[in-house]
Amino acid sequence: MAVPGGARRQPLLLLLLAGLVHSASAMFMVEDGNGTTCIMANFSAGFQTNYNTKSGSKNVTFDLPSHAEVLNSSFCGKENASDSSLVIAFGKGHTLTLTFTRNATRYSVQKLSFVYNLSDTDFFPNASTKEVKNVSSVTDIMAEINKKYRCVSSNKIHMSSVTVTFHDTTLQAYLTNNTFSKEETRCEQDGHSPTVPPTPPHPSPTLAPEIPSVQKYNVSDTNGTCLLASMGLQLNITYEKTDNTTVTGVFNINPNKTNVNGSCAAQLVTLELWSQDNTHLVFQFGKNASSSQFFLKGIQLKMTLPNAKTPTFTATNSSLRALQASMGNSYRCNAEERIHVTEAFSVNIFKVWVQAFQVEGGKFGSVEECQLDENNMLIPIAVGGALAGLVLIVLIAYLIGRKRSHAGYQTI
């Protein structure tokens, strides 16, 4: 059962801005057989993907409807201790599933899954196939036991060909009293909440370094340039230290201490970065012939961690779908983007500008802006429009008042 959110009164201007940027939030709850609530979630979400039509590939964006419903396949887990799940359904056969897991100190959304039905013409008009697709990914959504997870900022999660963006999220699993806890764990995108007493989270975050330097990268062969990229790179790694504490380390890629290599092939373009601190980071770009698009499909990492119980850290994911644009064009995003590679590893990318495969004359092609930048442009437009409306209302009220005051005088 879905309960529409946003019941609190807000200033008219804030409501106007929220409506322009993303859809209204909704409340979703899962109860066990005794009617006890074990999962509560309040958020809005947007979806971005592409699909094939008879006239070619088509990009589509849509929001999670506020009237979406919680399916009976949702469950609380055995004795509120094992894995639990929230399954949200909308449209004609679309489901968004959040699978929760826990240990002694924290719980997390271990996996986010999305099943979508291309035969639903409301969301996928003129689709060339009627198949049902299933994509999934790990997430960085986690909180301490008996605390709610809170994230006001947008959180993008890439799942193969689909990107889901969560907005203004509050959720909690393994509830003990049928309602949200007053204490909360804030997401990394928000930083620490000033209203919550500083409690050491699990894992304990290390102090984040400065924003990484933006560096230009070029991969070429005898046929010319196959990759142009400009970006700053930051690695987030959760690992266990020698004293058995779990920390999240944040490491910048220093361009001045990094060697660059790469390769060009018909279906795969590779960028390899070798740092002097024994960090080997690999980006793999693929392309979709039917949609004539390139995208980041894989990230690999091998590095040595400081004071780690297992010093050598490795991670790989070859089913990503990020930094996507049409062939011959470039992808650019001034906003910070986070790409989740594994449950323990993600990459923050700053001021990215990239183009793979068809790079004419060694220069970037026409720009395709990311959704985050487009949303950021809407805010000043909305503010300007709202202020202009307020000025117009004040002016009209002034003119009416002035007319009435003149009408009150009589000629002597």
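Arg186 counts as partly exposed, because its relative accessibility is 25%. Here buried means under 20% relative accessible area, exposed means over 50%, and partly exposed lies in between (1.4 Å probe, protein chains only). Arg186 forms a salt bridge with Glu184, with 3.2 Å between the closest N and O atoms. A salt bridge is a side-chain nitrogen of Lys or Arg within 4 Å of a carboxyl oxygen of Asp or Glu. Glu184 counts as buried, at 12% relative accessibility.

This is a predicted model, in which local features need pLDDT of at least 70 and side-chain atom pairs count only at pLDDT 80 or more, while totals for chains, interfaces and linings use all residues. Residues are numbered from 1 along each chain as its sequence is written, and side-chain values use heavy atoms, with hydrogens and water left out.

**Salt bridges**

The structure holds nine salt bridges. Three of them are set out below.

| Pair | N to O distance | Burial |
|---|---|---|
| Glu337 and Lys156 | 3.4 Å | Glu337 buried, Lys156 buried |

Helices (H or I, at least four residues) and strands (E, at least two) are DSSP runs, numbered from the N terminus. Salt bridges that share partners also join Asp140, Glu188 and Arg338 into one network.

The side chains of Glu337 and Lys156 meet in a salt bridge too. Glu337 sits in strand 26 (residues 337–342) and Lys156 in strand 12, so this pair ties together parts that are 181 residues apart in sequence.

**The second largest pocket**

The second largest pocket holds about 390 Å³ of space. Pockets and cavities are found on a 1 Å grid over the protein atoms alone: in a cavity a 1.4 Å probe fits but cannot get out, whereas a pocket is an open set of points with protein on both sides within 12 Å along at least five of seven lines. Lining residues have an atom within 4 Å of a point. Grid points are joined across faces, edges and corners, and the volume is the space filled by probe spheres set on the points.

This pocket is lined by 22 residues. Gln48, Asn59, Gln324, Tyr331 and Gln371 lie nearest its centre. Elements that give two or more residues to the lining include strand 3 (37–53), strand 4 (56–63) and helix 2 (371–407). Strand 24 provides the largest share, four residues. By class, the lining has five nonpolar, eleven polar and six charged residues. Ala, Val, Leu, Ile, Met, Phe, Trp, Tyr, Cys and Pro count as nonpolar, Asp, Glu, Lys and Arg as charged, and the others, Gly among them, as polar.

**Single residues**

Asn126 is in the loop between strand 8 (106–117) and strand 9 (132–137). Asn126 counts as exposed, at 62% relative accessibility. Beyond four places in sequence, Asn126 touches Tyr51, Asn52, Thr53 and Lys54. Contact means heavy atoms within 4.5 Å. Asn126 and Asn52 are 74 residues apart in sequence, yet 8.5 Å apart in space, C-alpha to C-alpha.

Asn178 has a phi near 65°, a positive value in a residue other than glycine. Asn178 lies in the loop between strand 13 (162–173) and strand 14 (184–186). Asn178 is partly exposed, with a relative accessible area of 41%.

Lys351 also has a positive phi, near 50°. Lys351 belongs to strand 27 (residues 345–356). Lys351 is partly exposed, at 48% relative accessible area.

**Chain and confidence**

The protein chain has two helices and 28 strands. Buried residues make up 45% of its 412 residues. Of the contacts with a separation of 6 or more, 57% are between residues 24 or more positions apart.

The mean pLDDT of the chain is 84, and 84% of its residues reach 70 or more. pLDDT is the predictor's confidence in each residue, from 0 to 100. Over residues 1–21 pLDDT stays under 50, and the model has 32 contacts beyond four places in sequence for them. Residues 192–201 also stay under 50, with eight such contacts. Where pLDDT is low, the predicted coordinates should not be read in detail.
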